[in-house]
Amino acid sequence: MTVIIESPSTTGIRDPRQILNDVQPHLEHLTVNVLDGGMSLWDREVALLLRDHTMVRDMAERVLGNAVMYVIASIEHPEVHLGVGKIVDIGVHQLILDTPVWFAICAAHNGGKYKHHAPFIERRRDGLCLRTEEFIRSIGFTPDEELWATDGAESSPCDSKVPDSH
């Protein structure tokens with residue numbers, strides 16, 4: 001018997017907008033609240049960022065896109081210590097605060113297991129943010145270099161060593 005091992009095909013660049021919109025079928029909670037505006041999940045989260053933070057739409061989309069990249073990387077690779085800077089963390093918190101969407105992300109990408117967020121008080125200052133950007137790029141995303149470089153040496157105080165946390 002001959003076994004042929006094929007190398008995985010290149011899937012191209014991963015699109016955070018599509019990833020977020022693709023979790024919609026996993027929405028189980030408060031669907032009327034989440035879907036009543038007729039918006040995609042992407043447009044909903046951007047609208048919430050614009051409502052709660054002083055930024056233009058382009059910046060809200062950049063922040064949200066990089067937050068989705070980080071969240072997916074932390075879910076797919078729990079063995080890798082990752083962290084975000086203050087700017088991208090705004091988008092991460094937006095996703096977590098919209099709990100029906102957060103639960104749907106966990107259902108779609110974390111096997112239904114809830115991904116906790118329990119940060120330490122002190123921020124890290126060891127360059128983790130820049131290393132995270134490099135890692136995110138290595139798994140097929142195109143991170144926004146400017147957003148990651150802004151906080152390059154200072155990153156979130158999250159602890160990936162805690163099970164189911166980021």
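Begin by selecting Arg57 and Glu61, which both lie in helix H4, four residues apart, about one turn of the helix. Helices here are DSSP runs of H or I with at least four residues, numbered from the N terminus. The model is predicted, so local features need pLDDT of at least 70 and side-chain atom pairs count only at pLDDT 80 or more, while totals for chains, interfaces and linings use all residues. Residues are numbered from 1 along each chain as its sequence is written, and side-chain values use heavy atoms, with hydrogens and water left out.

Arg57 and Glu61 form a salt bridge, their closest N and O atoms being 3.0 Å apart; the term denotes a side-chain nitrogen of Lys or Arg within 4 Å of a carboxyl oxygen of Asp or Glu. Arg57 is partly exposed, at 39% relative accessible area; buried means under 20%, exposed over 50%, and partly exposed in between (1.4 Å probe, protein chains only).

Next, display the whole of H4, residues 57-76. Of its 20 residues, 14 are buried, so the helix is largely enclosed by the rest of the structure.

Within H4, select Leu64, which is buried with a relative accessible area of 0%. Leaving aside residues up to four places away in sequence, Leu64 touches Leu20, Trp42, Glu45, Val46, Leu49 and Leu95 (contact means heavy atoms within 4.5 Å).

From Glu45, move to Arg44: the two form a salt bridge at 3.8 Å between the closest N and O atoms, and both are buried.

Definitions and conventions. Helix = DSSP H or I, 4+ residues; strand = E, 2+ residues; numbered from the N terminus. Expected span 1.5 Å × (residues − 1).
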